[in-house]
Amino acid sequence: MSINILGIESSCDDTSAAIISDGLLLSNVIASQSVHEEYGGVVPELASRAHQQNIVPVVDAALRRASLRPSDLSAIAFTRGPGLLGSLLVGTSFAKGMSLGLRIPIIDVNHLHAHVLSHFIRNNPDDRVPQFPYLCLLVSGGNSQIILVRSHSDMEILGQTIDDAAGEAFDKCAKVMGLPYPGGPHIDRLAAQGDPLRFRFARPHIAGLDYSFSGLKTSFLYTLRYALAGDPGFIEANKADLAASLQHTIIEILIDKLRKAIRQTRVATVAIGGGVSANSGVREAVAQLCREEGVEAFIPQRAFTTDNAAMVAIAGHFKYLDKDFCSYSEAPFARVTV
Ligand code: KG4
């Protein structure tokens with residue numbers, strides 16, 4: 001009999017459900033919430049309400065696309081945290097209720113583990129997956145970490161941001177430029193036409209493998225304020241160069257520590273994950289770094305860089321094999337690291 005895992009993701013503003021059968025992806029349905037656009041960021045209360053509306057149709061669509069009935073499921077994996085508590089409560093409560101109704105186990109998944117394990121999502125049995133141990137650069141709106149992955153369940157953070165995440169730097173700088181939220185993809189698009197060396201912004205000087213992006217954010221803000229005082233049309237006239245120079249700086253910061261981590265750990269494989277790993281410049285730079293250092297690069301499909309339930313389902317699949325289930329008394333958590 002097949003092991004069929006339903007994954008549910010509701011940590012932020014995407015409601016998603018996916019089915020992994022015997023380790024292979026059968027379906028991955030994502031309902032994004034447009035309600036936040038006019039506010040320039042995710043509004044937690046609106047996010048949980050939208051999850052409440054979306055969760056039944058999304059789970060239903062994932063099952064239908066996989067041609068499975070609820071009774072075919074072996075277990076339900078759900079994102080327990082970190083994330084917005086009200087959003088997490090919707091997915092957690094739904095998973096508990098459905099598992100009680102079907103009398104199948106529930107599996108709690110750490111959202112960050114799921115991002116790291118997204119490279120194990122396969123459509124075909126012969127798709128390549130990373131060999132342990134490998135390094136994962138996890139870069140999202142809330143995290144920037146270099147993680148040593150020894151197994152599906154054994155992960156160690158070697159370095160992480162001491163202030164803002166890389167995604168936060170993209171989004172906040174984009175906001176200063178008047179771009180819509182989330183700004184990362186807009187910076188990516190504009191950067192393709194700009195000069196990455198036109199403007200120079202502050203880079204952090206901190207020891208070890210930790211990151212910092214708050215100084216860059218401030219430096220970007222002050223550059224713009226100063227320039228705008230002399231020329232109100234400065235941003236409009238220099239949009240592409242500003243975006244390209246910002247992206248170039250963020251990439252340099254990310255790559256510098258990742259190179260150090262490769263040399264320190266001597267791993268043979270490097271993977272990236274999280275929303276910022278959708279960035280064209282980041283993807284190119286990591287591929288280039290891996291060529292230079294002679295290690296294999298795993299760059300995820302763009303669909304698996306941002307929040308999705310396929311990564312929750314695959315993380316659940318490995319926990320299912322370990323019989324690592326959770327009890328109904330487990331509550332979601334807002335904050336946690338890997
Ligand atoms: O992993 P994610 O979907 O959400 C969490 O933080 O959990 O990441 C969202 C972040 C946002 O900061 C967004 O601007 C950024 O990923 N992002 C990008 C790109 N696509 C998404 N940043 C730069 N370039 C992109 N193409």
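**Figure 1. Lys323 in the segment after helix 9.** In this predicted model, Lys323 is found in the segment that follows helix 9 (309-321). Lys323 is not a glycine, yet its phi is positive, at about 55 degrees. Because Lys323 has 8 C-beta neighbours inside 10 Å, and a residue with 12 or fewer is classed as exposed, Lys323 counts as exposed.

Figure 2. Arg103 has a positive phi of about 55 degrees, although it is not a glycine. With 7 C-beta neighbours inside 10 Å, Arg103 counts as exposed.

**Figure 3. Two cis peptide bonds.** The bond from Phe132 to Pro133 is cis, with omega near -10 degrees. Pro133 is found in the loop between helix 3 (111-116) and strand 6. The bond from Tyr181 to Pro182 is also cis, with omega near -10 degrees. Pro182 lies in the loop between helix 4 and helix 5.

**Figure 4. The shell around the ligand.** Of the 19 residues around the ligand, those that come nearest are Gly141, Gly167, Gly184, Gly275 and Asn279. The shell consists of 6 nonpolar, 10 polar and 3 charged residues. Helix 4 and helix 5 (184-191) each supply at least two of its residues. Domain 1 (4-125 + 304-321) and domain 2 (134-301) both contribute to the shell, so the ligand lies between them.

**Figure 5. The two sides of helix 6.** The 17 residues of helix 6 (residues 214-230) should span 24 Å at 1.5 Å a residue, which agrees with the 25 Å between its end C-alpha atoms. Leu216, Lys217, Phe220 and Thr223 are buried in this helix. These residues cover an arc of only 130 degrees around the axis, which puts them on the same side of helix 6. In an α-helix there are 3.6 residues a turn, so residues three or four places apart point the same way. The cover over the buried residues of helix 6 includes helix 4 (166-176) and helix 7 (234-265). The face turned away from the buried side carries the exposed residues Tyr222, Arg225, Tyr226 and Ala229.

**Figure 6. Helix 8 and the glycine that follows.** Helix 8 (residues 280-293) has buried residues Val282, Arg283, Ala285, Val286, Leu289 and Cys290. Their arc around the axis is only 170 degrees, which puts them on the same side of helix 8. Among the elements covering them are strand 6 (134-139), helix 7, strand 9 (269-273) and strand 10 (296-298). On the other side of helix 8, Glu284, Gln288, Arg291 and Glu292 are exposed. Just after helix 8, Gly294 takes a positive phi of about 70 degrees.

Terms used
Residues are numbered from 1 along each chain as its sequence is written. This is a predicted model: local features need pLDDT of at least 70, side-chain atom pairs count only at pLDDT 80 or more; totals for chains, interfaces and linings use all residues. Helices (H or I, at least four residues) and strands (E, at least two) are DSSP runs, numbered from the N terminus. The expected span of a helix is 1.5 Å times one less than its number of residues. A residue is buried if 20 or more other C-beta atoms lie within 10 Å of its own, exposed if 12 or fewer, and partly exposed in between; C-beta atoms are placed from the backbone. The arc is that of the directions from the helix axis to the C-beta atoms. Two residues are in contact if their C-beta atoms, placed from the backbone, lie within 7 Å. A residue is near a molecule or strand if its C-beta atom, placed from the backbone, lies within 6 Å of it. Ala, Val, Leu, Ile, Met, Phe, Trp, Tyr, Cys and Pro count as nonpolar, Asp, Glu, Lys and Arg as charged, and the others, Gly among them, as polar. Domain bounds come from an automatic or database domain assignment.
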